[in-house]
Amino acid sequence: LLAGRGFSCRFLGAAGPTSQQAPVYPLLLAGSYWLLGQGHSAILAIQLLQALLGTATALLTACLGWSLVPERRSVGWLAGALLALYPPHVYMVTHVQVVSLATCVLTAALVLAAQARSARTWWGAALAGATSGLLLLVDPILALALPWLAALRWMAGRNSLSTGRRLLQTALLVAAAASVVAPWIVRNYWVHGELVFVKSTFGYAFWQGNNPQSWGTDKIPQPAAQQLLAATTGASLAETNRSLWAARHKTLYIDDVLLTPADYRQLAAVSEPRRAAILGCRAWQFVHSRPAAYARLCCNRLRYFLLVDETNPKASHPLYRWSSIVWLALTVIGGLSAGRFWKRLWPLAGVFATLLVFHSLTITSSRFRMPLEPLSLVWAAAGLVALARLAGLARGFLSARGSAFFTGSAGGPRAVIGGPGRGTASG
């Protein structure tokens, strides 16, 4: 971009205008380099921005809890605090990666959809739609969350708006989102000669996760990487971080293992969307010819998504593993104990389930779960608050019964010290 070649890169054997990435985060990086130069200052500025995005995400998570469970303010406070203290999200903002921005924008879109006050206004629908469109230009896979976002907004307006007005506001939301995304889709058509929805790489990503060598992700773990991880025992945080980066660079990518020079020559001869389509066809052939192997990969991905991606050296660190276990436990406990709050929280579960199924069937990575963690912590907080309330009621009931027993109130028995004819009543 800064060299004047436009939005372009070398991808699968050929260089030129690309849709290999969604545009917002690369433009953000280019803007930082343009303002601060090609040095450490530009990267530091991005990392500081990501720290602010992490802070904003924690605050937005609290707002989501307050919007969905307004009578229990503690739900929002607890959800925001859980996210702020969650180690993978603390570590996430130190990386130059799009997931920090995607997590923040998805959480903001959910807040705008869930707020009852903005649900009564036309500008609220337009703002929610524009934020949704921005979300697609950050990470188009999160388009799967949009139906549930619309459901949240529909629920938020049911007590204050007629059905007809809610339908019109939903149409406005869709139109605002489409107007934000449309220029990039037009650009893609102009560049590639065919319609491309934001990114051109779905077939390529599907092939990475589904081939004879795949573990279900885009990486293949190596013994050298595991040896570097084993050497971190007792090391300082800085030394551990350096070892994790080194282990990551020792991990092979599927492309390096399976794509030959002949493959690159074949792919370079066609358009970028066609390159991804060719690899996608190879993946479908693998799925049809080896359904049992594909089912095993889907099970692997489900485990990676919910717990730990074993092909990612950083996610293998004990702190990440234990954080994932605690997160999953809180999410399950919250889901089982949220009780009456579920009638407001089910769209969040819909977002989570839809993306869980999608990534289990296609390809997964540690970072793919991160945008879903704030919303899952909202229902975890709702369940924990409900459990705490039940525990408080139970303690109050038992205390009242115990007091009645010892004082003889409410028809309860009296405790008598001493035997018959000698006793003195005692409260």
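Visitor: What covers the buried residues of α8?
Guide: In this predicted model, the cover includes α2 (40–68), α5 (99–114), α6 (116–119), α7 (122–138), α9 (163–192) and α18 (342–361). Helices are DSSP runs of H or I with at least four residues, strands are runs of E with at least two, and both are numbered from the N terminus. Contact means heavy atoms within 4.5 Å. The buried residues of α8 (residues 146–156) are L149, A151, L152, R153, M155 and A156.

Visitor: Why is C298 called buried?
Guide: Buried means under 20% relative accessible area, exposed over 50%, and partly exposed in between (1.4 Å probe, protein chains only). The relative accessible area of C298 is 11%, so C298 is buried. C298 lies in α16 (residues 291–306).

Visitor: Which residues does C298 contact, leaving aside its neighbours within four places in sequence?
Guide: C298 is in contact with S360 and L361. C298 and L361 are 63 residues apart along the chain, and their C-alpha atoms are separated by 5.5 Å.

Visitor: What makes a set of residues a nonpolar core?
Guide: The members are buried Ala, Val, Leu, Ile, Met, Phe, Trp, Tyr and Cys residues joined through side-chain atoms within 4.5 Å. The largest core has 59 residues, of which L64, L68, L345, L348, L372 and L375 touch the most other members. Helix α5 gives this core its largest share, 12 residues. A second, separate core of 19 residues includes I220, A283, L297 and C298.

Visitor: Which residues does L372 touch, not counting those up to four places away in sequence?
Guide: L372 touches L106, F305, V351, F352 and L355.

Visitor: Why does L35 count as exposed?
Guide: The relative accessibility of L35 is 64%, which is over 50%, and therefore L35 counts as exposed. L35 lies in helix α1 (residues 24–36).

Visitor: How do you know how far to trust residues 409–427?
Guide: The predictor's confidence in each residue is pLDDT, from 0 to 100. The chain has a mean pLDDT of 86, and 89% of its residues reach 70 or more. Over residues 409–427 the pLDDT is below 50, although this stretch has 23 contacts in the model beyond near neighbours in sequence. Where pLDDT is low, the predicted coordinates should not be read in detail.

Visitor: What conventions apply?
Guide: Local features need pLDDT of at least 70 and side-chain atom pairs count only at pLDDT 80 or more, while totals for chains, interfaces and linings use all residues. Residues are numbered from 1 along each chain as its sequence is written, and side-chain values use heavy atoms, with hydrogens and water left out.
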